[in-house]
Amino acid sequence: MHRFFIIIILSVFLLPSHAKCETLPVRLHVVAEDDSAESQEIKIIVKNAVIQKARSIIRSAESESEAYSMLISTLDGIRACARNAAAECGFTGEIEVLAAREEFPARLYGNMLMKEGEYPSLIVKIGEGEGKNWWCVIYPDLCYYGEKTKEDEIRFYSKFGYWIQRFLDRWSK
């Protein structure tokens, strides 16, 4: 039994790091004009329209870099989609859509941990963009995977626990 714990501890420290991965998932980040209920509602409507548009654009992508290139080459179409969705809600302000690298906190999608860090992103800024934001991974598509409802409990995790679970999953196969 003692050897088993030593193997677990050593494997956590000796597993290769994936931090230097050349391709990174593509994130979507939508920022509301402000924190009013109306602006938050517009943000959700714009977010849903942009997700559908982005999915249709990157449907044939075979890699993260290809998906990101496809999104970059169609920013005008995505902007038009976002503006149309916002206009249907009566919003007449400016909407900015751009591609950039952005910092994101860690997030758990079901059992998959998306590490904190800088990711290639499609950013949709509604109006002044000073309100609450919404973000997800658009490629691979995790935008609705494990989305929380008010009834869901908050789950905390640790990096150490994550690696132990991965080791145990591999060990049990």
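Modeller: Before we start, one cut-off: contact means heavy atoms within 4.5 Å. Bear in mind that the model is predicted.

Biologist: By that cut-off, which residues in H4 does H2 meet?
Modeller: The H2 side of the contact consists of Ile42, Ile45, Val46, Ala49, Val50, Lys53 and Ile57. By class, the contact has eleven nonpolar, one polar and one charged residues.

Biologist: Is the crossing of H2 and H4 left-handed or right-handed?
Modeller: H2 spans residues 37-58. Its axis and that of H4 come within 9 Å. They cross at roughly 150°. The crossing is right-handed.

Biologist: In what order do the four strands of the open sheet lie?
Modeller: Start from the edges, where each strand pairs on one side only: these are E2 (95-104) and E6 (133-139). The pairing in the sheet is mixed. Neighbouring strands are turned by 25° against each other on average, direction ignored. The order is E2-E5-E1-E6.

Biologist: How many bridges join E2 to E5?
Modeller: E5 covers residues 117-126, and E2 and E5 run antiparallel. Within this part of the sheet, Phe104 stands opposite Gly117 in E5. The number of bridges joining the two strands is ten.

Biologist: Which strands does helix H3 touch?
Modeller: H3, residues 64-73, packs on the sheet. Its direction makes about 155° with that of E2. The strands touched are E1 (26-31), E2, E5 and E6.

Biologist: At what angle to E2 does H4 run?
Modeller: H4 covers residues 75-88. This helix lies across E2 and E5. Its angle to E2 is about 110°.

Biologist: Now the charges. How many salt bridges does the count come to?
Modeller: Side chains of opposite charge can pair when their charged atoms come close. The rule asks for a side-chain nitrogen of Lys or Arg within 4 Å of a carboxyl oxygen of Asp or Glu. The count comes to five.

Biologist: Asp76 and Arg79 meet in a salt bridge. Is Arg79 buried or exposed?
Modeller: The pair is 2.7 Å apart, N to O. Both residues lie in H4, three residues apart, about one turn of the helix. Asp76 has 60% relative accessibility, so Asp76 counts as exposed. Arg79 has a relative accessible area of 18%, so Arg79 is buried.

Biologist: Which parts does the pair of Arg83 and Glu94 tie together?
Modeller: Their side chains meet in a salt bridge at 2.4 Å, N to O. The two residues are eleven apart in sequence. Arg83 is partly exposed, with a relative accessible area of 35%. The parts tied together are helix H4 and the loop between H4 and E2.

Biologist: How far apart are the closest N and O atoms of Glu118 and Arg101?
Modeller: The pair links distant parts of the chain, 17 residues apart: Glu118 in E5 and Arg101 in E2. Glu118, at 38% relative accessibility, counts as partly exposed. Arg101, at 48%, is also partly exposed. The closest N and O atoms are 3.0 Å apart.

Biologist: A cis peptide bond joins Tyr139 and Pro140. Where is Pro140 found?
Modeller: Omega for this bond is about -5°. Helix H5 covers 159-171. Pro140 is found in the loop between E6 and H5.

Notes. Residues numbered from 1 in each chain as written. Predicted model: local features only at pLDDT ≥ 70, side-chain atom pairs only at ≥ 80, totals over all residues. Heavy atoms only, no water. Pairing = 2+ DSSP bridges. Axes fitted to C-alpha atoms, helices over the stretch in contact; angles between N-to-C directions. Left-handed = near helix turned anticlockwise from the far one by under 90°. Nonpolar A, V, L, I, M, F, W, Y, C, P; charged D, E, K, R; others polar. Buried < 20%, exposed > 50% of the residue type's maximum accessible area, 1.4 Å probe, protein only.
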